Amino acid sequence: MSDASRLKAIVRTEFGKGAARRTRRDGNVPAVLYGHKADPQHLAIDAKAFARVLRENGTNAVLTLDIDGSEQLALTKSVVVHPIRRYIEHADLLVIIKGEKVIVDVPVVVTGDGAPGSVVTQDANVISLEADAMSIPEQIEFSIEGAEIGTQVLASELTLPAGATLQSDPETLIVNVVAPALEEEETTEEEGGEAAAAEESAGDESAEG
């Protein structure tokens, strides 16, 4: 991510749930900009433009906000999306300065297929890392192509972009390549359960007799 996406922001003077609803009804996202010991600013950002930026740059999008003619760099820290209607309800933005580093959560994308007969499970979908605010990766990719059963990938084994450092526990399990569950074992467990149920039923009938 080299250039910050430019968005016009309007300073909000009304607060509360009612004001937020009116902001969204006007096609904007209620947002709060904070950080660097500055007083929080309550803003309204065009909803369609903001959604497009998130689609193109991911959830850690860096923005150049035009606030009443004054430019401010900001990092998208959190976005609240309506669980059913899927529109953006609210956003928290962090003031940043070119050259500084920030700690962010970045998605981990596993590519490729394990060795034939193996099952690949992903235990962690995101990792925390510190990176230049203007060079935050959208995602970290790791290939498990041909990985044999028993292979485990830890956070420390992921390749990070230049200048980025891992903040998650290095021992965090990302990927585990295991053998598939055997049908015979499942059948045995089922038969054992049926036998136990039959014994229990027989015992109940004896008690009744």
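Strands are DSSP runs of E of at least two residues, numbered from the N terminus. In this predicted model, glutamate 138 is found in the loop between S9 and S10. Glutamate 138 is partly exposed, at a relative accessible area of 45%. Asparagine 57 lies 81 residues away from glutamate 138 along the chain, yet the C-alpha atoms of the two are separated by 6.6 Å. Leaving out residues up to four places away in sequence, glutamate 138 touches Glu56, Asn57, Gly58, Val106 and Pro107.

**Strand pairing**

An open sheet of 3 strands has the order S8-S13-S11, and its pairing is antiparallel. Strand S8 (119-122) and strand S11 (152-154) are the edge strands, each pairing on one side only. From one strand to the next the twist averages 10°. Elsewhere, strand S9 (residues 126-132) is joined to strand S7 (residues 101-111), and S9 also pairs with strand S12 (residues 165-166).

| Strands | Bridges | Facing residues |
|---|---|---|
| S8 and S13 (residues 173-178) | 4 bridges | glutamine 122 and valine 175 |
| S7 and S9 | 7 bridges | lysine 101 and aspartate 132 |
| S9 and S12 | 2 bridges | leucine 129 and leucine 166 |

In soluble globular proteins, nonpolar side chains tend to be buried together. In this model the largest nonpolar core has 27 residues, and the members with the most contacts inside it are Leu75, Leu129, Leu158 and Ile174. At least two residues of this core come from each of strand S5 (70-81), S7, S9, strand S10 (140-143) and S13. S7 supplies the largest share, 4 residues. Another core, of 20 residues, lies apart from this one and has Leu33, Leu43, Ala61 and Leu63 among its members.

For isoleucine 174, the contacts beyond four places in sequence are Val108, Thr121, Gln122, Asp123, Ala124, Ile127, Val153, Leu154, Ala155 and Leu158. Gln122, one of these contacts, has valine 175 of S13 as its bridge partner.

**Serine 168**

Serine 168 lies in the loop between S12 and S13. Is serine 168 buried or exposed? The cut-off for buried is under 20% relative accessible area, so serine 168, at 17%, counts as buried. The side chain of serine 168 reaches the backbone nitrogen of serine 128 at 2.7 Å. Apart from neighbours within four places in sequence, serine 168 is in contact with Ile127 and Ser128.

**Helix H1**

Helix H1 (residues 17-25) has Ala19, Ala20 and Thr23 as its buried residues. These residues lie on the same side of H1, because they cover an arc of only 100° around the axis. An α-helix has 3.6 residues a turn, so residues three or four places apart point the same way. Strand S2 (28-35) and strand S3 (38-46) are included in what covers the buried residues of H1. The exposed residues Lys17 and Arg25 are carried on the face of H1 turned away from its buried side. Just after H1, glycine 27 takes a positive phi of about 85°.

Definitions and conventions: Residues are numbered from 1 along each chain as its sequence is written. This is a predicted model: local features need pLDDT of at least 70, side-chain atom pairs count only at pLDDT 80 or more; totals for chains, interfaces and linings use all residues. Side-chain values use heavy atoms; hydrogens and water are left out. Two strands pair if DSSP finds at least two bridges between them. Axes are lines fitted to C-alpha atoms, for helices over the stretch in contact, and angles run from 0 to 180 degrees between N-to-C directions. A nonpolar core is a set of buried Ala, Val, Leu, Ile, Met, Phe, Trp, Tyr and Cys residues joined through side-chain atoms within 4.5 Å. Buried means under 20% relative accessible area, exposed over 50%, partly exposed in between (1.4 Å probe, protein chains only). Contact means heavy atoms within 4.5 Å. The arc is that of the directions from the helix axis to the C-beta atoms. A polar contact is a pair of N or O atoms within 3.5 Å; within protein, one must be able to donate a hydrogen and the other to accept it, and residues adjacent in sequence count only if both atoms are side-chain atoms.
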